[in-house]
Amino acid sequence: QVQLVESGGGLVQPGGSLRLSCAASGFSSDDYNIGWFRQAPGKEREGISCISMRHDNVWYLGSVKGRFTMSRDNAKNTVHLQMDSLKPDDTAVYYCAADRRFFCPPAGEYDQWGQGTLVTVSS
């Protein structure tokens, strides 16, 4: 059975950095895609980045492009989200999700979700 586990969240000052990780298990091959989402209190869930585990496809939300970098480690079935120049508006619970069919589909189309990790950006 497929499982996703996020880690790496915490408290950081504005301008600081964090690296989130998403470890996937239960896939029979690397033919799947990973997306990162976040949800702040009182706001809708938004997709911020996606990556293919097989192809060179990567996408970033405009508000994080240039500050966040997504990468993959196929040998460990793990993806990372390096977050630099963090702002208070980045405060949210961050989730990773996996889909075997599509690259960056709408949130409702993803097959599996992790439990989430909290990122708080505050002085």
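**Entry 1: strand S9 and its partners**

I began with strand pairing and found that strand S4 (residues 33-39) and S9 run antiparallel, with 7 bridges joining them. I count two strands as paired if DSSP finds at least two bridges between them, and the strands themselves are DSSP runs (E, at least two residues), numbered from the N terminus. The model is predicted, so I note that local features need pLDDT of at least 70 and side-chain atom pairs count only at pLDDT 80 or more, while totals for chains, interfaces and linings use all residues. Residues are numbered from 1 along each chain as its sequence is written, and side-chain values use heavy atoms, with hydrogens and water left out.

I next looked up how covered S9 is, and 6 of its 8 residues are buried. For this I take buried as under 20% relative accessible area, exposed as over 50% and partly exposed as in between, with a 1.4 Å probe and protein chains only.

**Entry 2: the disulfides**

How many disulfides does the structure hold? I find 2, a disulfide being a pair of cysteine sulfur atoms within 2.5 Å.

One joins Cys22 to Cys96, with an S to S distance of 2.1 Å. This pair links distant parts of the chain, with Cys22 in strand S3 (residues 18-25) and Cys96 in strand S9, 74 residues apart. The torsion about the S-S bond of Cys22 and Cys96 is about 70°, so I record this disulfide as right-handed. Cys22 is buried at 1% relative accessibility, and Cys96 is buried at 0%.

In the other, Cys50 and Cys104 have their sulfur atoms 2.2 Å apart. Cys50 lies in strand S5 (residues 46-52) and Cys104 in the loop between S9 and S10, so the pair ties together parts that are 54 residues apart in sequence. Cys50 is buried at 5% relative accessible area, whereas Cys104 is partly exposed at 25%. When I number the bonded cysteines in sequence order, the pairing reads 1-3, 2-4.

**Entry 3: aromatic rings**

I searched the whole structure for aromatic pairs and found 5. Rings of Phe, Tyr and Trp (its six-membered ring) pair if their centres lie within 6.5 Å, and planes under 30 degrees apart count as stacked, over 60 as edge-to-face and the rest as tilted.

The rings of Tyr95 and Trp113 have centres 6.5 Å apart and planes at 80°, so I call the pair edge-to-face. Tyr95 lies in strand S9 and Trp113 in strand S10 (residues 112-113), so the pair ties together parts that are 18 residues apart in sequence. Tyr110 and Trp113 form another edge-to-face pair, with 5.9 Å from centre to centre and 65° between the planes. Trp113 is partly exposed at 28% relative accessible area, while Tyr110 is buried at 7%. I also note that Phe37, Tyr95, Tyr110 and Trp113 form one aromatic cluster.

**Entry 4: nonpolar cores**

Which residues have the most contacts inside the largest nonpolar core? In this core of 29 residues, they are Ile34, Trp36, Met83 and Tyr94. A nonpolar core here is a set of buried Ala, Val, Leu, Ile, Met, Phe, Trp, Tyr and Cys residues joined through side-chain atoms within 4.5 Å. At least two of its residues come from each of S3, S4, S5, strand S7 (68-73), S8, S9 and S11. Apart from this core lies another, of 5 residues, among them Phe37, Cys50, Ala97 and Ala107.

I listed the contacts of Tyr94, leaving aside neighbours within four places in sequence, and they include Glu6, Leu20, Trp36, Ile48, Met83 and Val119. Contact means heavy atoms within 4.5 Å.

**Entry 5: Asp90**

Is Asp90 buried or exposed? At 2% relative accessibility, I count Asp90 as buried. I located Asp90 in the loop between strand S8 (78-83) and strand S9 (92-99). Not counting residues up to four places away in sequence, Asp90 touches Arg38, Arg67, Phe68, Ser85, Val119 and Val121.

Methods. Helices (H or I, at least four residues) and strands (E, at least two) are DSSP runs, numbered from the N terminus.
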